[in-house]
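Hi everyone, thanks for coming.

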Amino acid sequence: MRHIISILIENEAGALSRVAGLFTARGYNIESLTVAPTEDETLSRMTLVTRGSDDVIEQITKQLNKLIDVVKLIDLAEAVHIERELMMVKVKTCENTRQEVKRTADIFRGKIIDVTTNTYVIELTGPSDKLDAFIAAIDEELIIEVVRSGATGISRGEKGLHL
């Protein structure tokens with residue numbers, strides 16, 4: 001099962017490498033990883049996506065909690081949450097394909113953020129499956145490059161990850 005683990009971590013050099021090292025040492029895979037400072041400059045929020053059985057995820061969270069840099073963590077899969085990912089796709093265009101590419105971007109609520117004589121760069125946000133569906137809807141021969149941020153998430157309601 002796929003899990004999104006949100007971690008409040010001390011904003012210090014080496015904190016990220018200690019988390020990554022924990023995964024490497026135990027043979028766990030990280031599907032995506034995002035890190036950014038929070039409103040408190042001493043803390044960063046790390047969002048880590050991984051897959052595993054409930055037992056494996058429990059072991060991961062226990063090991064993460066043992067790291068000195070980890071202040072608090074939550075497995076968003078355990079509660080109702082909102083998940084988003086950012087994707088930019090560079091697509092070849094010509095006179096014959098521009099309208100169709102634009103129409104497809106509009107259907108997926110994408111935004112064309114760069115236009116050249118031969119390309120569009122389209123920005124999309126949403127759940128990972130929506131972004132996968134957009135890629136499937138575009139002729140693969142038109143796709144030049146795809147860049148994805150990886151999933152990030154936040155719990156719904158009053159519950160949150162804070163001190």
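Let's begin inside: the largest nonpolar core has 15 residues, and Ile7, Ile9, Val19, Phe23 and Leu64 touch the most other members. By nonpolar core I mean a set of buried Ala, Val, Leu, Ile, Met, Phe, Trp, Tyr and Cys residues joined through side-chain atoms within 4.5 Å. Buried is under 20% relative accessible area, exposed is over 50%, and partly exposed lies in between, using a 1.4 Å probe and protein chains only.

Who contributes to this core? At least two residues each come from strand E1 (2-10), helix H1 (15-26), strand E3 (43-51), helix H2 (54-66) and strand E4 (70-75). H1 gives the largest share, 4 residues. Helices (H or I, at least four residues) and strands (E, at least two) are DSSP runs, numbered from the N terminus.

Then there is a second, separate core of 13 residues, with Val89, Ala105, Leu124 and Leu131 among them. In soluble globular proteins, nonpolar side chains tend to be buried together.

Before I go on, a word on the source. This is a predicted model, where local features need pLDDT of at least 70 and side-chain atom pairs count only at pLDDT 80 or more, while totals for chains, interfaces and linings use all residues. Residues are numbered from 1 along each chain as its sequence is written, and side-chain values use heavy atoms, with hydrogens and water left out.

Back to Phe23. Which residues does Phe23 contact, leaving aside its neighbours within four places in sequence? They are Tyr28, Asn29, Ile30, Leu48, Thr50, Ile60 and Leu64, where contact means heavy atoms within 4.5 Å.

Now please find Gly150, in the loop between strand E8 (143-148) and strand E9 (152-155). Is Gly150 buried or exposed? Gly150 is buried, at a relative accessible area of 8%. Setting aside neighbours within four places in sequence, Gly150 contacts Ser32, Thr34, Arg84 and Glu85. Gly150 and Leu48 are 102 residues apart in sequence, and their C-alpha atoms are 8.7 Å apart in space.

Finally, let's step back to the whole chain. The protein chain has 4 helices and 9 strands, and along the sequence the pattern reads β-α-β-β-α-β-β-α-β-β-α-β-β. Its C-alpha trace spans about 55 × 35 × 30 Å along the principal axes. Of the 163 residues, 37% count as buried. Among contacts between residues at least 6 apart in sequence, 74% join residues at least 24 apart.
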